[in-house]
Amino acid sequence: MNHDASITSLVIVVIAAFLTPILLHRFKLRILPVVVAEIIMGLIIGKSGLDLVKPDMWIETLSSLGFIFLMFLSGLEIDFSAFAGNKKKEKLSNGKEAPNAFSAALIVFMAIFIVSLVLSYLFVWAGFIENAFLMTLIISTISLGVVVPTLKEEQIMKSSIGQTILLIAVIADLVTMILLAVFVSLNDKGGGSTWLLLILFGVGVIFYVGGKVFQNRSFIETMSKGTIQIDTRAVFALIIILVGVSEKIGAENILGAFLAGVLVSLLSPNEELVHKLDSFGYGFLIPIFFVMVGVDLDVWSLFSDKKVLILMPLLLVALLISKIIPVWILKKWFDTKTVLASGFLLTSTLSLVIAAAKVGQNLNVISSQVSGALILVAIITCIITPVIFKKLFPKKQIETNRIRVNFIGANNLSLPVTRELNPMYYDVTMYHPRQEKLDRMMITDSLFEIVEIDSYEADVIKNSRACDTDILVITTGDEERNARVASAAKSEGIDRVIARVEHPELINEMREKDIEVFSQLLSTTSLFKSLIESPSVLDIITNQDMALYQVNLKNHKYDGILLRKFPFTGDVIFVRIFRGNDSIVPHGDTELKVGDELIVTGSPEYVNELKLVLQSRG
């Protein structure tokens, strides 16, 4: 082995993996999944491009470990709580009752598998491939790695259609992975028999029972900290042992890795452990694997084979047909655009196609050219189908009951605030006199409506429908005028009125009328004091990654539910609950009530998801 060459190639691959997300961010290519970008980067530096990388033991080992860890994380990503049907059926916007997500998903996947089987026999009949079973697995599989981020980004993960799409992908991922292992056992002449797979699952059951027994022991929690990290060691031991058992019984090692992920998911690991595993996998091993997929893919050889050139567009059409036709079953509950968009998203496929292609090539069931074509088509689906989904999916499906916020007065204080309010949850309108100039530069990127009024007088504001709102914010430059307008607005029965005043007497007067007050002087003083006395508290308030948010509980579906039984599993911590005049410190047995004002902290992504769940009037 040429040691210098191996290190040089490894350095090139690691640098390519490091630069890929930076380049995506720099050129704002958000529509491109990072794993697809890594494969494209591999194409550039590999056989199809500059040919800078010479695969050897170092890279092959790390790449194989990356593939194993990817399969492990695919199993870990499966949330088995999603298989539990909801007791209360959700009402859809069209007035119909939402389907049972699991039942609907199971029926759709069965239809997908049947259509895929028919299409596979057509490919065999046309002479493109010899094994219909392998082709069925390739056509019917769905990429969880593309579906999950897309659903989260569109804020529909917890909706009825979101849960149905997710479960279809989960079932497809689980079933096709198991069937791929069966396929290997049946076709690998040097491997074991299919019944030997029972040994693997038996070992898995033993580890699961052992994990349940020791999971909550105090000494395990103690040893999970510091330099011991026993929980992480246990996970890696589980992966290696099950991978070893898989290879020993003649199955593919990826089945053992996938089963390890499933077992860890069933044991409900804490978020910190999952974060560590994700960080290690997606931060180191998995990018090397995907870059090497691109490095090993010789695109030019595909174009030299006319049969493979014909196969690629036909396979893309088959993938679309296999998802769009079966998903039409959902038309019973959802509108046409929603169903069609769902079909396109479910067409995305990547990890298992790569696995199946590599397995088929190793077993000499398919040629290297066909294997490359399968991977290339999978990459194409991951690029185009999420984009088509976002274009087709009706925006009304992702909107919640937005809170109307009207601002009286456009200035350097109010304009930045309007730009920070999430338009998905707040319907913002700005009222401003005609004779005063607006800073157009500050409102260029804003999504709120501007209504011009004759003056700031209370009767003018009343006639302008500014009082027809959930929250009225008065921030003109005159605090006495703000107080007058706020008092008049409060008398109109507006639930929340916020006025900008500075004078202590006016502040007391406003508070007596149940008007909320904002004072720049008091706010600045309080923040400055907090910075000196409690810098960590101030950091929570100002840091976007761990800020405090208010979520109002309006969904009657969650009225009376205990916090420990709350089904939302996102990365959110309940800090405080305000119920009328009471301030409650939440714990597991705290009962949620409609009308509660929940103060939570967590990532913006999960907080927005929580708002979608709780602020919809279910």
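A: A salt bridge is a side-chain nitrogen of Lys or Arg within 4 Å of a carboxyl oxygen of Asp or Glu. Here, Arg404, Asp468 and Asp470 are linked in a network of salt bridges. The model is predicted: local features need pLDDT of at least 70, side-chain atom pairs count only at pLDDT 80 or more, and totals for chains, interfaces and linings use all residues. Residues are numbered from 1 along each chain as its sequence is written, and side-chain values use heavy atoms, leaving out hydrogens and water.

Q: How far apart are the closest N and O atoms of Arg404 and Asp470?

A: They are 3.7 Å apart in this salt bridge. Arg404 lies in strand β1 and Asp470 in the loop between α20 (458-463) and β4 (471-474), so the pair ties together parts that are 66 residues apart in sequence. Helices (H or I, at least four residues) and strands (E, at least two) are DSSP runs, numbered from the N terminus.

Q: How many salt bridges does the rule give?

A: The count is eight. Among them, Lys593 pairs with Glu591 at 2.9 Å between the closest N and O atoms, and Lys513 pairs with Glu509 at 3.5 Å.

Q: How is burial read, and which strand is mostly covered?

A: Buried means under 20% relative accessible area, exposed over 50%, and partly exposed in between (1.4 Å probe, protein chains only). Seven of the eight residues of strand β2 (residues 426-433) are buried. In the whole chain of 618 residues, buried ones make up 49%. Arg404, by contrast, is partly exposed at 32% relative accessibility, and Asp470 is partly exposed at 30%.

Q: In which sense do β1 and β2 pair, parallel or antiparallel?

A: Two strands pair if DSSP finds at least two bridges between them. Strand β1 (residues 403-408) and β2 pair in the parallel sense over six bridges. Ile408 has Tyr431 in β2 as its bridge partner.

Q: What forms the nonpolar patch on the surface?

A: Patches are made of residues with over 30% relative accessible area and no salt bridge; like charges are joined within 9 Å, nonpolar side chains (Val, Leu, Ile, Met, Phe, Trp, Tyr) within 5 Å. Accessible areas come from the Shrake-Rupley method with a 1.4 Å probe, and for residues only the protein chains shown count as cover. The patch includes Ile7, Phe18 and Trp58, and has about 890 Å² of accessible area together. Helix α1 (residues 3-26) gives the most, with seven residues. Trp58 is found in helix α3 (residues 57-76) and is partly exposed, at 35% relative accessible area.
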